[in-house]
Amino acid sequence: MSTTSHAQGRPQGRPQGRPVAFFDMQAQQALIRAEIDAGIARILAHGRFIQGPEVDAIEAKLAEFSGAKHAVGVSSGTDALQIAMMAEGIGPGDAVFLPAFTYTATAEVPLVLGATPIFVDVEPGSFNIDLVDLRRRLALVTHERRLRPRAVIGVDLYGLPADWPAIRALCAEHGMFALDDAAQAFGGALDGRRLGTQADATALSFYPTKTLGCYGDGGAILTDDADRAELYRSLRTHGEGKSRYEVLRTGMNGRLDSIQAAILLAKMPLLAGELAARRRAAGWYEAALGGRVATPQVREGAESAWGIYTILLRDAAGRSRVQAAMQAAGLPSAIYYPRPLHRQPAYAAAHARGIEAGAPPLPVSEDLCTRCLSLPMHPYLTEEDVGRVAAAVLAGL
Ligand SMILES: *Cc1c(COP(=O)(O)O)cnc(C)c1O
């Protein structure tokens, strides 16, 4: 996700009213600027830039907010996924099931570790991994006996929680690791429990535009499992043991900086209110657009974190018309994502060799890419902002 191209790109046409940001980090910064400056000043004074007390403090807050027993701060959402998979020993010969319709990082990590991604189709309304298709591909991989099914990465795309009880049950049945890519969904909940306790481990990203973002790269892994948490702490620091220069395993440099932790500490008190504000904005969108275009479907018992707000138009031409209408009104929009991962040049070969008999098609992922459109979403949208966006969408239909 770009922090600049849509939020600050100069709109064409005549802007009508105040500019509407796609993601808005400036309004939030104005509220907490003093805490941020003070937090950074404290770190400049104590000098513990790496693994400083701010990292311990934000880990405690993340665990408390999510309800997970352990939170381990890491250097990015991508590294959170990687460390979680390294801890399971996932590598060559292993199959990792993940949706074809998600951000590239979800597929990149198994490939970096030498494992094979098996792309799974998604549900058209919730954008989450489709359990029927997942079971079908799992059966194919199991039947071929070439790859060991090792993990499922469920993605709470746009903030919408996936069907975790079903994913967990399938993983338990087949001895697979359930990993939640909640990079877009921190603050979302399912059956009264926040994301962070739904899978064996949950990866968070603090990329600036996420629901909780720092001012650089950052991430965390949440888990209820003490042994896993200890492994994550070791892996993020080059596989170190109890003493500093004892190397127990091959790890990486995957730490969260003290300064980024301080930014997150300043933002934490705003988070609950911001999630409520996102929910309110989603409600305004639903009231204005529901029935006219396909709006996001929140699973029963779930609460979306509303990280991104995505609608579906009838087809590619319909999407182009709406994009043009929004641009003419000086309003930003974005396409997350224009191409399914199995069609990316970097991943197509892995997709082709994943299931030797030939992978079944991924029609929903392919279709969504042609007609999804994401609208401005952040906690500082006013009802008037949403009304203007919705009016431009309707004008383009
Ligand atoms: C942002 C994102 C990531 C990666 O997070 P980074 O902090 O940018 O590394 C992974 N998965 C999804 C679904 C994301 O949106």
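**Loops, a kinked helix and a core**

Trainee: Where is the place of Gln-51?
Mentor: Gln-51 sits in the loop between helix 1 and helix 2. Please keep in mind that this is a predicted model.

Trainee: And what is the phi of Gln-51?
Mentor: The phi of Gln-51 is near 55°, which is a positive value in a residue other than glycine.

Trainee: Is Gln-51 buried, exposed or partly exposed?
Mentor: Gln-51 has a relative accessible area of 24%. Buried means under 20% and exposed means over 50%, so Gln-51 is partly exposed.

Trainee: Which residue just after helix 1 takes a positive phi?
Mentor: That residue is Gly-47, with a phi of about 80°.

Trainee: Let us go back into helix 1. How many residues does helix 1 have, and what distance does it reach?
Mentor: Helix 1 covers residues 26–46, which is 21 residues. From its first C-alpha to its last it reaches 28 Å, close to the 30 Å expected at 1.5 Å a residue.

Trainee: Where is the kink in helix 1 centred?
Mentor: The kink is centred on Ile-32 and amounts to about 70°. Ile-32 is also one of the buried residues of helix 1, a set that includes Gln-28, Ile-36 and Gly-39.

Trainee: What covers those buried residues?
Mentor: The cover includes helix 2 (53–66) and helix 8 (258–289).

Trainee: On to the largest nonpolar core. Which residues touch the most other members?
Mentor: Leu-62 and Phe-97 do, in a core of 51 residues. Among the elements that give two or more residues to this core are helix 1, helix 2, strand 2 (94–99) and helix 8. Helix 8 provides the largest share, 7 residues. In soluble globular proteins, nonpolar side chains tend to be buried together.

Trainee: How many bridges join strand 6 to strand 7?
Mentor: There are 2 bridges between them. Across this pair, Ala-189 stands opposite Arg-194 in strand 7.

Trainee: Which loop holds Asp-191?
Mentor: Asp-191 is in the loop between strand 6 and strand 7. Its phi is near 50°, a positive value in a residue other than glycine.

Trainee: Why does Asp-191 count as exposed?
Mentor: Asp-191 counts as exposed because its relative accessibility is 52%, and the cut-off for exposed is over 50%.

Trainee: What about strand 11: which residues lie on each of its faces?
Mentor: Tyr-309 and Ile-311 are on one side, with Thr-310 and Leu-312 on the other, and all of them are buried. Strand 11 runs antiparallel to strand 12 (residues 372–375), joined by 4 bridges. Within that pair, Ile-311 stands opposite Leu-373.

Trainee: Which residue does UniProt list for "active site"?
Mentor: The unreviewed UniProt entry lists Lys-210. Lys-210 is found in the loop between strand 8 (201–205) and strand 9 (219–223).

Trainee: Is Lys-210 buried or exposed?
Mentor: Lys-210 is buried, because its relative accessible area is 13% and the cut-off for buried is under 20%.

Trainee: One last point: which residues does a cis peptide bond join?
Mentor: The cis peptide bond joins Tyr-336 and Tyr-337, with omega about 10°. Tyr-337 lies in the loop between helix 9 (316–328) and helix 10 (348–354).

Note on methods: Residues are numbered from 1 along each chain as its sequence is written. Side-chain values use heavy atoms; hydrogens and water are left out. UniProt positions are given in the numbering used here, feature names are shortened, and annotations may be inferred rather than shown by experiment. Buried means under 20% relative accessible area, exposed over 50%, partly exposed in between (1.4 Å probe, protein chains only). Two strands pair if DSSP finds at least two bridges between them. The expected span of a helix is 1.5 Å times one less than its number of residues. The bend at a residue is the angle between axes fitted to the seven residues ending there and the seven starting there. Contact means heavy atoms within 4.5 Å. A nonpolar core is a set of buried Ala, Val, Leu, Ile, Met, Phe, Trp, Tyr and Cys residues joined through side-chain atoms within 4.5 Å.
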